[in-house]
Amino acid sequence: MSTAEQQPESTTTSTTTSTTSDALLGPADIRELAAVLGVRPTKQKGQNFVIDANTVRRIVRTAEVRPDDVVVEVGPGLGSLTLALLEAADRVTAVEIDDILAAALPSTIEARMPERMDRFALVHSDAMLVKELPGPAPTALVANLPYNVAVPVLLTMLDRFPTIERTLVMVQAEVADRLAAEPGNKVYGVPSVKANWYAHVKRAGSIGRKVFWPAPNVDSGLVSLVRRAEPIKTTATKAEVFAVVDAAFAQRRKTLRAALAGWAGSAAGAEQALVAAGVSPQARGESLTVEQFAAIAEHKPAAERPAL
C-alpha cells in the first residue's frame with residue numbers, strides 16, 4: 001500500500017543516533033533502500049512513498065499523537081512515517097500487505113531506531129482482512145492510504161477497532177473532499193455519510209505532489225476523524241442505516257421517493273418511511289445528515305406478507 005519510507009546511505013552510522021534528523025528518512029535514504037530491495041513503486045498498488053521528513057513530522061503533529069497513544073498505521077511502505085510515529089507514540093503497529101516491504105520494515109526500525117524496537121509490531125496482511133491487532137488496543141490510526149482502497153480501509157478499521165479515538169489519513173485530495181463534505185455539498189455522498197456515522201470529520205490540510213516518490217498526478221489531502229463520544233441515537237443497526245445510504249446515492253439525481261423505492265418495496269412505501277422520519281419525499285440524498293438517514297431506516301415498511 002502507499003506510504004512513507006526508509007533507510008540511509010550509512011545505516012550503521014545513523015543507527016547509533018536517536019535524533020529526529022538522523023532517525024527519519026530523506027529522499028536519498030528512501031531511493032537507496034528501494035534500490036536494495038528491488039522495489040519500484042507501482043500505480044497498481046497505489047504506491048507513492050513520502051520522501052520528505054518535514055511532511056511526516058507535520059502528519060504526526062496534525063494527528064496530535066500523544067506519548068501514551070497506541071497507533072495503528074496502514075500501508076507503512078518503507079517506513080518513514082512509521083519512524084516519525086514511533087518517536088511520538090507509546091507503540092506503533094504497522095499493517096502491510098506487500099511481501100517485500102513487510103519483510104524489510106522491522107530491519108529498518110531496528111537500524112534507525114533500535115531503542116524503540118520493542119514498541120513496534122508488524123502485521124503482514126491485507127488491512128481489509130485484519131480483525132485483531134497484537135498488543136494493547138489501538139487509540140489512533142495514522143496512515144497514507146492508496147486512493148483506490150482508502151475509503152473501504154478507513155471505514156473497516158473504524159468499524160473493527162472501536163477503541164480508535166482519533167484518525168488522520170492522507171488520501172487523494174478528491175477523496176479527502178468527499179470524506180469531509182457536509183450535506184448540500186456537491187461531492188457529499190456515501191463516504192461522507194458513512195464516515196460521519198463513526199466520527200466528526202474535517203479536512204486537516206493539503207499535501208503537495210513533490211513530497212512523494214514518484215510524484216503523483218494529483219494532490220493529496222489530510223482528513224481528521226474524531227470518534228463520536230456517543231454513537232448516533234437510533235434503533236436501527238449500522239447495516240440498516242447504510243442500506244438506506246447506499247440506495248439513496250445509487251440514484252442520487254432522483255428524489256428520495258424514487259431512489260428508495262427498491263429499498264422500501266415501492267415508491268409509496270418509500271414515501272411512507274420518509275414522511276414518518278420527517279424528511280421530504282422530494283429531497284435528495286445529498287441534503288440529508290447521517291441522523292436523518294438513521295431516522296429513515298427506523299421506519300422501513302414491513303415486508304408485505306404473501307397472500308395465502
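Colleague: Is the crossing of α9 and α10 left-handed or right-handed?

Modeller: A crossing is left-handed if the near helix is turned anticlockwise from the far one by less than a right angle, and right-handed if clockwise. The crossing of α9 and α10 is right-handed. This is a predicted model, in which local features need pLDDT of at least 70, side-chain atom pairs count only at pLDDT 80 or more, and totals for chains, interfaces and linings use all residues. Residues are numbered from 1 along each chain as its sequence is written, and side-chain values use heavy atoms, leaving out hydrogens and water.

Colleague: How is such a pair of helices described, and at what angle do α9 and α10 cross?

Modeller: Two packed helices are described by the angle between their axes and the distance between the axes. Here helix α9 (residues 190-198) and helix α10 (residues 238-250) cross at roughly 160 degrees, their axes coming within 10 Å. Axes are lines fitted to C-alpha atoms, for helices over the stretch in contact, and angles run from 0 to 180 degrees between N-to-C directions. Helices (H or I, at least four residues) and strands (E, at least two) are DSSP runs, numbered from the N terminus. The two helices α9 and α10 are therefore roughly antiparallel, a term for angles over 145 degrees.

Colleague: Which residues of α9 and α10 meet?

Modeller: Contact means heavy atoms within 4.5 Å. V190, V193, K194, W197 and Y198 of α9 meet K238, V241, F242, V245, D246 and F249 of α10.

Colleague: Which strands does α9 lie across?

Modeller: Helix α9 lies across β8 and β10 (220-227), at about 120 degrees to β8.

Technical notes
Angles under 35 degrees count as roughly parallel, over 145 as roughly antiparallel, 65 to 115 as roughly perpendicular and the rest as oblique.
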